[in-house]
2 protein chains.
Amino acid sequence: MQRDLVFKALADPTRRLMLDELSERKEQTLYELTARLIMRHEIAISRQALAKHIDVLEQAGLVSSEKRGKYRMLVFNDEPLRSVVNRWLK
Amino acid sequence: MQRDLVFKALADPTRRLMLDELSERKEQTLYELTARLIMRHEIAISRQALAKHIDVLEQAGLVSSEKRGKYRMLVFNDEPLRSVVNRWLK
DNA sequence: ACCATACGCAACCAACTAGTTGCATGTCAA
DNA sequence: TTGACATGCAACTAGTTGGTTGCGTATGGT
């Protein structure tokens, strides 16, 4: 969609780590992702900070989310990545 | 090389415009590029600001530069782009 | 009904960033 | 040599960003 939002989203290492996790397990709740990031990658960060990151990723179209009960399900979407680099690669 | 520098470099729309120009005409001086950006794309920005952007792009490995007389020759390099997106695309 | 839990919202803060202006330097042509 | 010109360097500034803390809300199990 909007190139700018995609690149801005990718500029942060924490968000890229989140994409790493989400590209591995395509569907997980925000809670799962948060726990996974803190435990497996030992990053010291609050839940709210990660939620803000998810908002950024969602605005860029890299993640879509859906409220399911009290959980927020997250799904990774690689389409923006493909379309965005085609400008310079051939 | 360093993923972080590449993504940070790509986060700015002006720098992406510079890459557009450089990917079209692979070799041009900083002066040419500056003139081209200001005239053809009508961006209002100083020479010094563009020079700083080039520094960022060069640190990311997306552009290499070489002093040739009083000019600074710029060359576009797409290799970092390829290696950097392979993590999520298959 | 109750309460733990998964999440949303908002205010605040320090650090970074993109931009500017001003001045210095080196190169080339006349 | 002199001067125009392409570039480099440094200080400063406004705006953005990633993070925090504190509190509110809705959902689901017991």
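Q: How do the residues of the surface near DNA strand D divide into nonpolar, polar and charged?
A: There are 5 nonpolar, 6 polar and 8 charged residues there. Ala, Val, Leu, Ile, Met, Phe, Trp, Tyr, Cys and Pro count as nonpolar, Asp, Glu, Lys and Arg as charged, and the others, Gly among them, as polar.

Q: Before we go on, what kind of model is this, and which residues count for local features?
A: It's a predicted model, where local features need pLDDT of at least 70 and side-chain atom pairs count only at pLDDT 80 or more, while totals for chains, interfaces and linings use all residues. Residues are numbered from 1 along each chain as its sequence is written, chains are lettered from A and ligands numbered from 1 in the order in which they are written, and side-chain values use heavy atoms, with hydrogens and water left out.

Q: OK, back to DNA strand D. How many residues surround it, and which are the closest?
A: 19 residues surround DNA strand D, and the closest are Ser46(A), Lys52(A), His53(A), Tyr31(B) and Arg47(B). A residue is near a strand if one of its heavy atoms lies within 4 Å of it.

Q: Which atom of DNA strand D does the side chain of Arg47(B) approach?
A: A base oxygen, 2.9 Å from an N or O atom in the Arg47(B) side chain. The phosphates get their share too: one phosphate oxygen of DNA strand D is 2.9 Å from an N or O atom in the side chain of Arg15(A), and a phosphate oxygen is 2.8 Å from a polar backbone atom of Tyr31(B). A polar contact here is a pair of N or O atoms within 3.5 Å; within protein, one must be able to donate a hydrogen and the other to accept it, and residues adjacent in sequence count only if both atoms are side-chain atoms.

Q: Which elements give two or more residues to that surface?
A: From chain A, helix H2 (13–24) and helix H4 (47–59); from chain B, helix H3 (30–40), helix H4 (47–59) and strand E3 (71–76). The largest share, 4 residues, comes from H4(A). Helices (H or I, at least four residues) and strands (E, at least two) are DSSP runs, numbered from the N terminus.

Q: Where does Ser46(B) touch down?
A: One of its polar side-chain atoms lies 2.6 Å from a phosphate oxygen of DNA strand C.

Q: Which helix gives the most to the surface near DNA strand C?
A: H4(B), with 4 residues.
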